[in-house]
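Have a look at the sequence and the model below.

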Amino acid sequence: MAEGIIVKALSGYYYVESEGQRFACKARGRFRLDGSTPLVGDCVQFITDTNGGGRIERLEKRKNFFIRPAVANIDTLVFIAANVNPVTDPFLIDRISVIAAEAPCRLLICINKVDLDSGDRLFEIFSGAGFRVIRTSAKTGRGLEELREALKGRICAFTGNSGVGKSSILNALLPEARIKTADVSEKLGRGRHTTRHVEIYTLEENTYIADTPGFSSLDLTMTNTIMKEQLQYDFPDFTPFLGKCRFQDCAHLKEPDCAVTEAVRKGHINEGRYRSYVRLYELSAQHRFWEYKEEG
Ligand code: GDP
Ligand code: ZN
């Protein structure tokens, strides 16, 4: 039996890449019966046939998976932000950072359009909170090599609000994939329920980038809701202060002798990050974590 990774799913076929070769495989029926449908990103064992095709026999255990986009085993979620045209709301990044922590996968924040605005404010907030932040310009090429380097040996998925330059960056990294930046017919076809063809593109050996045409960044959907009590652990900048509050079950809201709110007062935790925590805590309490509307 051969081992490989599903790099594309289309019309009932799973395209499995193994040692530099691609096999058009069918999946065994029992995956459907036990509820596990193969996903792009899945590591599989498969039997090859003589026509360059094959049959998937076994799915390996997943590290994580997302519903939209339907991709498994994401190592790095790359969030593309900008501080100009459009200005990314830091709350959106905070929310995505929690989703990444829960998945779990690494979050890499990329501040794009630095030829127009350096994005210093976003850079300080998020590098200060312990995240890797890379400044790029798809226009001048600044930072793209650093980004390429940071993606090595992983499956990455890109997200970010519309217009920040997601397609431009993907095109610069993967010219051969030619993801269309301005294909109007494709953009018009961005219906919520249209079937999406999911594919991961090879950046280099063992490094893949997931892209789903028509995937709107705010559609990033996970399987689980997040418990409000769990949320504190998804803020890496809170970690040094957890377990140091007067009350063991402190929610870090209005409790006395709270180490987290004290750290905010002393400037050890960014105030905006803390406000996002409170906002997400309230949404979680109402089981409405996933609702987010972009303003404007
Ligand atoms: P997407 O919606 O996130 O995929 O964004 P696009 O890649 O389609 O880019 C939106 C617009 O911003 C296009 O007009 C791009 O040419 C422009 N753009 C993308 N990246 C940059 C950048 O780094 N600098 C500048 N000045 N413009 C950019
Ligand atoms: Zn507390």
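Here is a short tour of the ligand site and the backbone.

This is a predicted model, where local features need pLDDT of at least 70, side-chain atom pairs count only at pLDDT 80 or more, and totals for chains, interfaces and linings use all residues. Residues are numbered from 1 along each chain as its sequence is written, chains are lettered from A and ligands numbered from 1 in the order written, and side-chain values use heavy atoms, leaving out hydrogens and water.

Ligand 1 has 16 residues around it, the closest being Asp115, Ala138, Gly163, Ser167 and Ser168; a residue counts as near if one of its heavy atoms lies within 4 Å. Helix α5 (residues 166–173) gives the most to this shell, three residues; helices here are DSSP runs (H or I) of at least four residues, and strands (E) of at least two, numbered from the N terminus.

| Side chain | Ligand 1 atom | Distance |
|---|---|---|
| Aspartate 115 | nitrogen | 2.7 Å |
| Serine 137 | oxygen | 3.4 Å |
| Serine 168 | oxygen | 2.6 Å |

Taken alone, ligand 1 exposes 580 Å², and the protein buries 72% of that (Shrake-Rupley areas, 1.4 Å probe).

Now the backbone. Most peptide bonds are trans. Even so, the bond from asparagine 85 to proline 86 is cis, with omega near 5 degrees, and proline 86 sits in the loop between β8 (76–82) and α2 (90–102). Another cis bond joins alanine 103 and proline 104, at an omega of about -5 degrees; proline 104 belongs to the loop between α2 and β9 (106–112).

Methods. Polar contact = N/O pair within 3.5 Å; in protein donor to acceptor, adjacent residues only side chain to side chain.
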